[in-house]
Amino acid sequence: MAVTIAIAILIIVGFLAGIRLMQSPRTALWGNRLGALSMIIAIAWTFITTNQAAFSTALIYIVIGGLIGLILGQSVKMIHMPQTVALLNGFGGAASALVVWAAVVIYHGEGIEMLFWGTSGLALGVGALTFSGSIIAVLKLQGLAFRQPVQLKFHGHILRVAILLAALLIIINISLPGQYYIYFLPIIALLGLSAGFFMTLRIGGADMPIVISLLNSFSGIAASIAGLAVENIILAGTGALVGVAGLILTRIMCRAMNRSLFSVLAGFTPGKKETAAPSSKMDKSAVKTGALAGAEEAEKEKKEIEANIESDSTTDEDAKIRLSEIIDQAKRIIIVPGYGMAVAQAQNAVKELLDALEGQGKQVKFAIHPVAGRMPGHMNVLLAEAGIDYDKLMDLDAINPQFEYADLVIIVGACDVVNPAANAAEGTPISGMPILNAEKAKHVIVCNIDEKPGYSGVDNLLYEQSHVYSFWGDAAKTIPQLTEMVM
Amino acid sequence: MLLAMFIILIAAALLGYRIISAVPPLLHTPLMSGMNALSGITVIGALAVFITAPAGAEAWSAAALILAMINVVGGFWVTERMLRMFKGKTKESEVQEIPWQ
């Protein structure tokens, strides 16, 4: 007994120490390995302490699962990390649900305790919810199905009824002396599955970081409750750890979007565009200056003169010359990557641009918004894969005071996270959302696919400012053109 | 035993909260995939159940074993791959530092 508890504490401390090492990119790799080592110890300890008659068969399944995991882990591309994590979350949740299910099948005849009735029902429900929710998330992220948020009639009601009914069954389970127990469990599992399905069905693309974090948390909570059900300390403690981690990330993501978890789960319909794009913006020349549109408005700065000159020279060549002048003069440059960069697979082009700029003796930093991409920290991984040093990747709080000292900001496939409307306008979906203050820089070049609003549907006020130059098109093509201008 | 279990659960959650909160946004993706691997800890539950399982329940716990192991190995391995890519200043910059103020 005392040994069991001691070993459990040792393993959980091993996990905690692993996470502690993850606080710095220098030690993070060893943190992960320490976590893996603790996991191996946990599995070995379970083997040692249980009846070893079924040892070899269990080992076969472990090896099969491990091999599949290894192949999966080795073959996925970094761009597909969000759906990979979602898929693994789903497997974790399903495994926890199956553990309690199997435990129920085994023990249901033998005077089971009340704690077990309650916890096994709960673990089954949460595990099933994690599984179906994750599978829907994978389908969405992989673009296989439900790419657009699906909002059914009475969607919210269906979801609430499923969750409440499952909760009710669990409570009835505990309060009755277990007579309907075995009949209730399949229903709880089904309710959990449908709750996960309906919950994720109406989530839109840019809300994915929140949902993935939440599902991550659920997979931990399911494991933790399953641990309570089968009275396994290591399982209960480690599951709680994962649950907490997921909740922390969920909260960070919600804050970075200035939205409550509730409003995310309630589904999202992008606001209607309030103003139609001016027709002058509609022609298809690849390079246009934002000044074109901005100059017509009440832009009373000195820039106006320059901007007027600009609007006379509408040909691509002139605009390109202007862009290369700006790049040439810039000493301090901040690059703002967004999901558009990932979609265009422009990371390597961005790395080449970085090398070219640094080759000219310019200082370059990257500004990473917490919700850029489809999962927390997504951009950092993609840029690291392209070979960019992490010292250059700055988060929101660190980089925001520096924008006003920047000569040039290059935006690559990011829209909502740099939209000044978040500060200026009231009542839009992004109002109050913390943004990267790209507009404060001397010049801004926007390398987005087009001038359409981002996920929020709010027109980007940045595009209309006179110091902002737009370079519309596929970032994988436009960024190399910028690189040419540097050289 | 039950008491010890609850105490450890709560202690793990509180300590975890403090430690995880200090992980920088730079590493949030590896953090999440690492935590993801940890949620595969349910493999030990699956193992315990599998070993005591009578013939009827074997299939369920075998499925749990496989899924949990995919979760564990897949999670740790993608984290390993990602973290290997994170590199600090590779070359000493020849560029003169310009103050950002």
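Residues are numbered from 1 along each chain as its sequence is written, while chains are lettered from A and ligands numbered from 1 in the order in which they are written. In this predicted model, local features need pLDDT of at least 70 and side-chain atom pairs count only at pLDDT 80 or more, whereas totals for chains, interfaces and linings use all residues.

**View 1. Chain B is built of four helices and zero strands.** Along the sequence the pattern is α-α-α-α; helices (H or I, at least four residues) and strands (E, at least two) are DSSP runs, numbered from the N terminus. Of the 101 residues in chain B, 58% are buried, a residue being buried if 20 or more other C-beta atoms lie within 10 Å of its own, exposed if 12 or fewer, and partly exposed in between, with C-beta atoms placed from the backbone. Helix H4 of chain B, residues 58–85, has 28 residues and reaches 41 Å from its first C-alpha to its last, close to the expected 40 Å (1.5 Å times one less than its number of residues). H4(B) is mostly covered, with 22 of its 28 residues buried.

**View 2. Chain B meets chain A through 82 residues of chain B and 103 residues of chain A.** Two residues are in contact if their C-beta atoms, placed from the backbone, lie within 7 Å. On the side of chain B that touches chain A, helices H1 (2–21), H2 (28–39), H3 (42–52) and H4 each give two or more residues. H4(B) gives the most, with 25 residues. By class, this side of chain B has 57 nonpolar, 21 polar and four charged residues; Ala, Val, Leu, Ile, Met, Phe, Trp, Tyr, Cys and Pro count as nonpolar, Asp, Glu, Lys and Arg as charged, and the others, Gly among them, as polar.

**View 3. Helix H1 of chain A (residues 2–21) and H1(B) have axes that come within 10 Å and cross at roughly 10 degrees.** H1(A) is therefore roughly parallel to H1(B), as angles under 35 degrees count as roughly parallel, over 145 as roughly antiparallel, 65 to 115 as roughly perpendicular and the rest as oblique. Axes are lines fitted to C-alpha atoms, for helices over the stretch in contact, and angles run from 0 to 180 degrees between N-to-C directions. Residues of H1(A) in this contact include A:Ile5, A:Ile12 and A:Arg20, and those of H1(B) include B:Ala4, B:Leu15 and B:Gly16. The contact comprises 12 nonpolar residues, one polar and one charged.

**View 4. A:His443 lies in strand E6 (residues 443–447) of chain A.** A:His443 is buried, because 20 other C-beta atoms are within 10 Å. Not counting residues up to four places away in sequence, A:His443 touches A:Ile326, A:Asp407, A:Leu408, A:His467 and A:Tyr469.

**View 5. A:Glu231 occupies the loop between H8 and H9 of chain A, and A:Gln345 the loop between helix H14 (339–344) and helix H15 (347–359) of chain A.** Most residues other than glycine have a negative phi. A:Glu231, although not a glycine, has a positive phi of about 50 degrees, and A:Gln345, also not a glycine, has a positive phi of about 55 degrees. A:Glu231 is partly exposed, with 18 other C-beta atoms within 10 Å; A:Gln345 is partly exposed, with 14.
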